[in-house]
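Reader: I'm new to reading protein models. Could you walk me through one with me asking the questions?

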Amino acid sequence: MQFGIFSVGDITPDPTTGRTPTQAERLQAMVAIALKAEEVGLDVFATGEHHNPPFVTSAPTTLLGYLAARSERLVLSTATSLITTNDPVRLAEEYAMLQHLAGGRVDLMLGRGNTGPVYPWFGYDIRDALDLTIEHYALLHRLWREDVVDWQGRFRAPLQGFTATPRPLDGVPPFVWHGSIRTPQIAEQAAFYGNGLFHNNIFWPQEHTQRMVALYRERYEAHGHGAADQAIVGLGGQVFVRHRSQDAVEEFRPYFDVAPVYGHGPSLEEFTAQTPLTVGSPQQVIECYAAMRDHVGDYQRQLFLIDHAGLPLSTVLEQIELLGTEIVPVLRREMAVGRPAHVPDAPTHANLREAARAGSDDLLAAARGA
């Protein structure tokens, strides 16, 4: 399994001090977070894409390209990149170029985006979001696999004899995850192409996550990519950790209570009882996330959101240290126990390249439509 960090890049005042970081400080903090994740042995850093305040993550490839130069083994991803309002031609070219510069340490999580005003800024209508997702990805999929593309659709100018450049590294496109919280059509899209489904379940009860992942696995098998338990699944999560659970709750509560994403609503206790948010000791986090596969089966990627709600950088780096040294090593061991041999590992450029060279349908069958 892969474990890592994802950030949405929000700028939120610290409720305990009233201080709001500058945009430059927030971006530099995200760099420090990614490098700390690599230092403590985590596998993935993913950044969101937003074009509206209070976020600073409008250009994921710029941030990820900088991180590629500063890191050595970290897989660089998105959480998510907008398949709706981005031109698929630009996505094909930008992420293939990033793939070359990062030596293959790149994959791409795609999402629709749920901020209505963003759509007209880029010439689209949010009511077309699902149709945009389907059409734009169909084109992106072809651009990475066909040297010359003729294409005509509803939402962008037609292409005639077009070749996206650079071509994917080693002829192997970046692996694609389709990010979704509540939309069955996205689970179907991921299954149709044999791509990964990333279910960002941070605000949802476990029963909802179970249903979405089960639908994706069922449709994955129906489309002939392999057995249902070979489908490539990723989950989101949220944690705040201290060695004493009481200290974690006391320290995190003021951040939770006023956070833009869930403040002024359910209490911290209600929210942690109903969602994967875990505020407590390392052992409590281990118990919560080790149990995830009881709900969704063996899966390939677990990402944690920990740098939001105005938490200061020093606190976030402490959280990453605890994840990397006390929590994730135990989760790796526990997740490996009883894992069937036919369940694929998380897709990487190296194993996708070897599968392509071998002409194999067996290795990472779920990833072959990446």
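**Loops, helices and cores**

Author: Gladly! Let's begin with T80, which sits in the loop between strand 3 (75–78) and strand 4 (81–82). The model is predicted, so local features need pLDDT of at least 70 and side-chain atom pairs count only at pLDDT 80 or more, while totals for chains, interfaces and linings use all residues. Residues are numbered from 1 along each chain as its sequence is written, and side-chain values use heavy atoms, with hydrogens and water left out.

Reader: What is the average pLDDT of the chain?

Author: pLDDT is the predictor's confidence in each residue, from 0 to 100. The chain averages 94, and 97% of the residues score at least 70. Residues 361–370 have a pLDDT below 50. That stretch has 40 contacts in the model beyond near neighbours in sequence, where contact means heavy atoms within 4.5 Å.

Reader: Back to T80, then. What kind of peptide bond runs from A79 to T80?

Author: Most residues other than glycine have a negative phi, and most peptide bonds are trans. The bond from A79 to T80 is cis, with omega near 5°. Another cis bond joins P53 and P54, with omega about 10°. P54 belongs to the loop between strand 2 (44–47) and helix 2 (60–70).

Reader: And which residues other than glycine have a positive phi?

Author: D170 has a phi of about 60°, and A309 has one near 65°. D170 lies in the loop between strand 7 (159–162) and strand 8, whereas A309 lies in the loop between strand 12 (301–305) and helix 12.

Reader: Is A309 buried or exposed?

Author: Buried means under 20% relative accessible area, exposed over 50%, and partly exposed in between (1.4 Å probe, protein chains only). A309 has a relative accessible area of 2%, so A309 is buried. D170 is partly exposed because its relative accessible area is 41%. For an exposed residue, look at G123, with 62%. G123 lies in the loop between helix 4 (118–121) and helix 5 (129–143), and its C-alpha atom is 40 Å from that of A355, 232 residues apart along the chain.

Reader: How do I read a pair of packed helices?

Author: Two packed helices are described by the angle between their axes and the distance between the axes. Each axis is a line fitted to C-alpha atoms, for helices over the stretch in contact, and angles run from 0 to 180 degrees between N-to-C directions. The axes of helix 6 (residues 184–193) and helix 7 (residues 206–222) come within 8 Å and cross at roughly 35°. P184, A187, E188, A190 and A191 of helix 6 touch M212, L215, Y216, R219 and Y220 of helix 7.

Reader: Which residues of helix 6 are buried?

Author: They are I186, A187, Q189, A190, A191 and Y193. These buried residues pack against helix 5, strand 8 (175–180), strand 9 (196–199) and helix 7.

Reader: What about helix 10 and helix 12?

Author: Helix 10 (residues 282–290) and helix 12 pack at about 30°, with their axes 10 Å apart. On the helix 10 side are P282, V285, I286, Y289 and A290, meeting E326, I327, V330, L331, E334 and M335 of helix 12.

Reader: How many residues does the largest nonpolar core have?

Author: In soluble globular proteins, nonpolar side chains tend to be buried together. A nonpolar core is a set of buried Ala, Val, Leu, Ile, Met, Phe, Trp, Tyr and Cys residues joined through side-chain atoms within 4.5 Å. The largest one here has 99 residues, and I5, F45, L140, Y216 and F252 have the most contacts inside it. Its largest share, 9 residues, comes from helix 12 (residues 313–336). Leaving aside neighbours within four places in sequence, L140 contacts I83, P88, L91, A92, L108 and L110.

Conventions. Helix = DSSP H or I, 4+ residues; strand = E, 2+ residues; numbered from the N terminus.
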